Amino acid sequence: MPGRRWAAPALLALSLPLLAPVTALTPPAAAVTSSSVLAAYSSVADSGARRPQASGVPLEEINATATQVAFGLRRPTAIAAPDDGTNRLFITEKRGTVRVYHPDTGLEQTPIIDITASVDESGNERGLLGIALRPDFAESQDLYLAYTALPNGAVTLARYRLDDASLEPLLSQEHAEYSNHNGGQLAFGTDGYLYWSIGDGGGSGDPFDAGQRLDTLLGKILRVDVNRSCGDLAYCVPEDNPFVGVEGAREEIWMYGGRNPWRFSIDHADGSMWIGDVGQGRWEEIDHIKAGQQAGANLGWSCYEGLEVFDETRCRSDAEYTKPVFTYSPYTGGCAVIGGEVYRGEEFADLVGGTYIATDYCSSTVWALREDGGGGYFQAEIGEMPTQVTAFGSTPEGEFYVVNDLPGGLHRVSFEREEPTCRIEHTTRTWGGGMTVDLTITNTGTTPIDGWTLTFPLSRGQTIISDWNTNLTQGGDIVTAVNATHNGSIAPGHSVTMGYLASHTGDASLPSRFSLNGDACAVGG
């Protein structure tokens, strides 16, 4: 499970023995896979290249909704869709079962997979956590599962053969001290290798300094070749993994510096990776790492949480940290980011084609991110998902589903275009370490607004000193501005003004998004 942030004070860093032995690995020869598997990988890559172009619809004009299509799941954790013409979805349940859903017949009661005898589901975050279908699944019937294993909760990667119901553990990492931060995402890349995320070992504040250590698999995203075995290993380490041959390092590591990268996805249109990394208590973050920049990337934990230094003693002057492309604070009502996927389907391509969609376990806010062509990202809140979503999944055609934890349902995700009912225009004056911002709020809808609340994030280092024509509070980076007694009503086509005086530490940029009574506003124009 994604794991809520720990509200307790950070634990003291302890001097502990290594949690995982350093395995001496012999760099394998170049990967040799079966022609059927190679054809499957090629097909995936080719289909990505043919995907529709990115939508040009402004994000604030998009609304995301979810329609429940099945109920009765027991704490679902992940979704996979076999590309075998059956239109099935495979849904993992925390206890160690996999259920099948078909849009015509609904949710099957009898699990297609049951490994409960091997799964440790104690605690909120242990259990069967991830699933990935081999690209040639239609022929091989092989899939891969990530779970915490009995008897000691070691996070484990295993191959499952559907034809004979056999479970073959391939790789495991000790995870006994704490039950949280297990990670668990599995995904095949365009290169045919399997990627697996593991959390930092749990507790609070990264007590093992696992995120920055290379002698443990905790706090990492791994990359392994499950199509072959090498020596005593049931898998091979790709020879171009970044730490192959590095003394004392686990060669399976692809990226490091993660806290609990519960859900990541690989965009098969360009090979880039999107990672939702659950934060400690101040910041949730989303990372977007392009193909060619992933090998050895350092996501920063526990030197950084989001864009802020978390523990200076874990920072190194010679390290290059990968900055997240999006962060948000718990003041939005969130508690754990649920990383999603880039939409590459056809049904809603004109609205959200090429757009990354994610949500939060507690707030249910739907976040949309899209590259702006200049090195940055458009961002907006575009609706709400059901409560306690734990994972996204997509069909072979690229259409989205989500599962939610409690009460345990499957939901189909849809998108529609809606004109914003509000528009924000601004006038800004900056000097030295100060700035003033005047905002004009216009009701662009067709019904009067009787009482309003405007919310928006401030850039890092900005602090509001005073305000006018509003009752304003700042919690972390989130500003909540409520109407004053004299300007609470806004007729259609009419406007009200408000403003604030703020200090800054060098970044005097304007807020990136605004929401009025929960609806995203257009900015300018």
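Student: Hi! How many residues of strand 21 are buried?
Tutor: Strand 21 is mostly covered, with 6 of its 6 residues buried. Buried means under 20% relative accessible area, exposed means over 50%, and partly exposed is in between (1.4 Å probe, protein chains only). Strands (E, at least two residues) and helices (H or I, at least four) are DSSP runs, numbered from the N terminus.

Student: What kind of model is this, and how are residues numbered?
Tutor: This is a predicted model, where local features need pLDDT of at least 70, side-chain atom pairs count only at pLDDT 80 or more, and totals for chains, interfaces and linings use all residues. Residues are numbered from 1 along each chain as its sequence is written, and side-chain values use heavy atoms, with hydrogens and water left out.

Student: Back to strand 21. In which sense does it pair with strand 22?
Tutor: The two strands pair in the antiparallel sense, over 4 bridges. Two strands count as paired if DSSP finds at least two bridges between them.

Student: And which residue in strand 22 is the bridge partner of Ile338?
Tutor: Thr359 is the bridge partner of Ile338.

Student: New topic: how many disulfides are there?
Tutor: A search of the whole structure finds 4. A disulfide here is a pair of cysteine sulfur atoms within 2.5 Å. Counting bonded cysteines along the chain, the pattern is 1-2, 3-4, 5-6, 7-8.

Student: Which parts does the disulfide of Cys335 and Cys362 tie together?
Tutor: The sulfur atoms of Cys335 and Cys362 are 2.0 Å apart. Cys335 sits in the loop between strand 20 and strand 21 (337-342), and Cys362 in the loop between strand 22 (356-360) and strand 23 (365-371), so the pair ties together parts 27 residues apart in sequence.

Student: Is Cys335 buried or exposed? And what about Cys362?
Tutor: Cys335 counts as buried because its relative accessibility is 8%. Cys362, at 28%, counts as partly exposed.

Student: What about Cys230 and Cys236, are they buried or exposed?
Tutor: Cys230 and Cys236 are both buried, and their sulfur atoms are 1.9 Å apart. The torsion about their S-S bond is about 95 degrees, so this disulfide is right-handed.

Student: Where do Cys303 and Cys315 lie?
Tutor: Cys303 and Cys315 form a disulfide with sulfur atoms 1.9 Å apart. This pair links distant parts of the chain, 12 residues apart: Cys303 is in the loop between strand 17 (284-289) and strand 18 (304-305), and Cys315 in the loop between strand 19 (308-309) and strand 20 (326-328). Cys303 is buried, at 0% relative accessibility, while Cys315 is partly exposed, at 27%.

Student: What is Phe514 in contact with?
Tutor: Contact means heavy atoms within 4.5 Å. Leaving aside neighbours within four places in sequence, the contacts of Phe514 include Ile424, Leu439, Leu454, Thr455 and Phe456.

Student: How far along the chain is Thr455 from Phe514?
Tutor: Phe514 and Thr455 are 59 residues apart along the chain, yet their C-alpha atoms are separated by 5.9 Å.
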